[in-house]
Amino acid sequence: MSRLVVVSNRVADLTKASQSGGLAVALGDALRQRGGLWFGWDGNVVERGKRVPPTIQVDGQVKTVTLPLTDRDYEEYYLGFSNRVLWPVFHYRLDLAKFETAFLEGYQRVNFKFADALVPFLEPDDLIWVHDYHLIPLGIELRQRNIKNRIGFFLHIPFPPPDILAAAPENEWLVKALFAYDVVGFQTETDLANFERYIVEQGHGDAFIDHRLVCGSRSVVADYFPIGIDVDSFFEMAHTPEADSQIDLLERRTIARAHIIGVDRLDYSKGLPDRFRAFERLLERHPENQKAVTFMQIAPPTREDVEAYVDIKHELEALTGSINGQFGDFDWTPLRYIHRSVDRNTLAALLRGSQVGLVTPLRDGMNLVAKEYVAAQDMEDPGVLVLSKFAGAAEDLKAALIVNPYDIDEVADALQTAITMPIEERRQRQNALLERVRRHDAQNWRESFIEVLENVSLGAAV
Ligand code: ADQ
């Protein structure tokens, strides 16, 4: 079995995989089974011009190789092109994108440096799996260094429609860069269709029935692979004696009979201001929920060096103050907004202890919180998932209450339906949801991607 080499912007700490969730859970097992290497940024920033050799850590069969970014690279590659250009554009938010030439140069420079630093660690049989929008051109850089291995790429965020992508600088270069890979994976059918439309409708190439797309002298296999979670371990985390006492505490500390929960990084793509307004609308339209329902939003800070993130933080603080000021009472705080990271065990307990999971991104690649909410529920007395139709997860989780997150009345009505839903309907929906969450779990995601990558006929010169 060939080794697996994972490349991503940040490298997760595999020794704390169950605590960090996400990629660490999804890829940790594969790395341990096959042996391999995880390469990426160590999260540190050093002065420009300073050359720091990669840090190598070995844990059994798995090596992690990490390096810092210079302050300039951090500004231009990470904050600049990745998070001020690609993140907003790929989330359909051209209004928030900021284009500067230096950003693109920084992005290309870091991908160049990453390739230089990675090549000495590669062996001829390695399967290389590159992750996410920070590293789209890494494939080209590796090919230019004569790396002939199978290389796959997975995009964790949405792939926008061609008309939107056309507004990004160097979009043609960026999309064509994907053809340096052998397999390109997306989260959903919609993302895959957008990629195919970009290639075919704009005359850059052709699509064939076996998922192969051809562009110039290169071809790739492009398909969708919905990412998932480790369902059993999340369920277990939500059902420990400590979780029981946390849920007890949650219930005893309040007069509310129903809890609504939201858990998201504080990001404008997650639709938090509209979500807060929908909760406010629920209290206005259905006043019987006053003193009877609470909403807890956990939203840890991210990317605070980007202006759009500071703006949304202020907006949420103002909305929280205004909603609590208008509706709160000495014995009831309607909205609890926690702007901190929360330990995953507590998170699992809170998801289980909440009667409604409110997941209303304006656009999201997949959204693992929706899946975690389903996995955490008690099957006998499950809660209800209210899910945005613009989350990738909605393609699969059709048994949730699917809403348009921009329509505040609709979300408020869905909340009311969720709070008052009879137990039989809740159980039916939960059964259907859990079946989907299990079908597309973390293991299925990584194994299906790796299987396609291992068996693909190589993409060069068709
Ligand atoms: P994210 O945008 O980060 O991921 P999401 O899929 O919801 O979004 O994953 C977030 C993870 O962080 C979840 O496992 C969640 O439990 C955890 N988390 C969130 N808030 C937390 C908190 N306060 N404390 C502790 N943990 C917290 C990107 C894409 C998504 C895609 C994933 C995976 O934007 O669309 O689903 O990658 O591909």
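**Notebook: the ligand and its shell**

I began with Arg344, where an N or O atom of the side chain sits 3.1 Å from an oxygen atom of the ligand. I took a polar contact as a pair of N or O atoms within 3.5 Å. The model is predicted, so I kept to its limits: local features need pLDDT of at least 70, side-chain atom pairs count only at pLDDT 80 or more, and totals for chains, interfaces and linings use all residues. Residues are numbered from 1 along each chain as its sequence is written, and side-chain values use heavy atoms, with hydrogens and water left out.

Next I looked up Arg265, whose side chain has an N or O atom 2.9 Å from a ligand oxygen. Gly365 uses a backbone N or O atom instead, 3.0 Å from an oxygen atom of the ligand. I then checked cover: the ligand alone exposes 710 Å², and the protein buries 86% of that (Shrake-Rupley method, 1.4 Å probe).

Of its 21 residues, His156, Asp364, Met366, Leu368 and Glu372 come nearest. Helix H14 gives the most, with 3 residues; helices here are DSSP runs of H or I with at least four residues, strands are E runs of at least two, and both are numbered from the N terminus.

Last, I noted Asn367, in the loop between strand S14 (356–359) and helix H14 (368–376). Its phi is near 95°, a positive value in a residue other than glycine. Asn367 is buried, at 5% relative accessible area (buried is under 20%, with a 1.4 Å probe and protein chains only).

Terms used. Buried < 20%, exposed > 50% of the residue type's maximum accessible area, 1.4 Å probe, protein only. Near = heavy atom within 4 Å. Polar contact = N/O pair within 3.5 Å; in protein donor to acceptor, adjacent residues only side chain to side chain.
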